[in-house]
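Subject: Structure handover

Hello,

Here is the structure I promised to pass on. Please open it first, then read my notes below.

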Amino acid sequence: MKTLARIALAMVLLAVAACAGPRVRRDAGQAADPALMAAQVARERALAADSAWSLKGRLGVSDGKDAGSGSLDWSQDGDAFRFRVHAPVTGKTWELAGDRDHAVLHGLHAMPVDARDAATLLARELGWQVPVAQLSAWARGMRAPGPATIRFGERGLPALIEQDGWRVEYLAYDLSLDPPLPMRVFARRGVCKVRLAIREWNTE
């Protein structure tokens, strides 16, 4: 039964991938252009000043063997986060909540389980390799703290961020927002993949 559920989840993940659009080319934009970097720094400052935000969409995760996906309702307020995922294939809904020092997972087992951080908890309980702390920056087209390289697309928005061994590609933006925010994000490190297909942003 567990194997059948994993196969079904993999099929849903492939469907999410199919609607994600073409991948960004490696030569997109110029990472060293001073004007583009200055605009990115200003954009990141503006986004960092708005520490409370939420999004709705779909999340897909794969490690080369197993896959999982579902609808995603993610809210962030500074370091505090709430990550609610509903997997229609299994009918399960689980919620991950916490901050930089602690994380609790509800709904996967009869009782809540916790760990020192969200990434450790997801890896232990679901086998998912999701860099939750960095993803809160990458999801908005920002570099997470620490060294990173960045390439830009035609509109001067990030097309690729490489950081902590992850390659984060931006396949679409909502240009009606100010500043624009990503709608399709594909992060990969080795065989591990994380996809975000964002339907709605709320930054108020």
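In which strand is the place of Glu 95? Glu 95 sits in strand 4. Please keep in mind that this is a predicted model. The side chain of Glu 95 makes a polar contact with the side chain of Arg 84, at 3.3 Å. Leaving out residues up to four places away in sequence, Glu 95 touches Arg 82, Phe 83, Arg 84, Val 104, Leu 105 and His 106.

Now the overall picture. The protein chain has four helices and 11 strands. It counts 204 residues, and buried residues make up 43% of them. Take the contacts between residues at least 6 apart in sequence: 44% of these join residues at least 24 apart. The chain exposes about 10,500 Å². Carbon and sulfur atoms supply 54% of that area.

Next, the core. The largest nonpolar core holds 47 residues. The members that touch the most other members are Leu 59, Trp 74, Trp 94, Leu 96 and Leu 196. Strand 11, residues 192–202, gives the most to this core, with five residues. Leu 96 deserves a look of its own. Setting aside neighbours within four places in sequence, Leu 96 is in contact with Phe 81, Arg 82, Phe 83, Ala 103, Val 104, Leu 105, Ala 118, Leu 121 and Leu 122.

Ala 118, Leu 121 and Leu 122 lead on to helix 3, residues 118–126, where they are buried. Seen down the helix axis, the buried residues fall within an arc of 95 degrees, so they line one face of helix 3. What do they pack against? The list is strand 3 (80–87), strand 4 (92–99), strand 5 (102–106), strand 6 (113–115) and helix 4 (132–138).

Both ends of helix 3 have something to show. At the start, a side-chain oxygen of Asp 117 reaches to within 3.2 Å of the backbone nitrogen of Ala 119. After the helix comes Gly 127, with a positive phi near 75 degrees.

Helix 4 contains Ser 136. Is Ser 136 buried or exposed? Its relative accessible area is 17%. The cut-off for buried is under 20%, so Ser 136 counts as buried. The side chain of Ser 136 reaches the backbone oxygen of Ala 133 at 2.8 Å. Not counting residues up to four places away in sequence, Ser 136 touches Trp 53, Trp 74 and Gln 76.

Last, strand 8 and its two partners. Strand 8 covers residues 158–163. Five of its six residues are buried, so strand 8 is largely enclosed by the rest of the structure.

- Strand 7 (residues 149–152) runs antiparallel to strand 8, and four bridges join them. Arg 151 has Leu 160 of strand 8 as its bridge partner. The hairpin has five residues between the strands, and Gly 156 takes a positive phi near 80 degrees there.
- Strand 9 (residues 166–174) pairs with strand 8 in the antiparallel sense, over four bridges. Gln 163 has Trp 166 of strand 9 as its bridge partner. This hairpin has two residues between the strands, and Asp 164 takes a positive phi near 55 degrees.

Over to you.

Best wishes

Methods: Residues numbered from 1 in each chain as written. Predicted model: local features only at pLDDT ≥ 70, side-chain atom pairs only at ≥ 80, totals over all residues. Heavy atoms only, no water. Core = buried A, V, L, I, M, F, W, Y, C linked by side-chain atoms within 4.5 Å. Buried < 20%, exposed > 50% of the residue type's maximum accessible area, 1.4 Å probe, protein only. Contact = heavy atoms within 4.5 Å. Pairing = 2+ DSSP bridges. Areas by Shrake-Rupley, 256 points an atom, 1.4 Å probe, with all protein chains shown as cover. Arc of directions from axis to C-beta. Polar contact = N/O pair within 3.5 Å; in protein donor to acceptor, adjacent residues only side chain to side chain.
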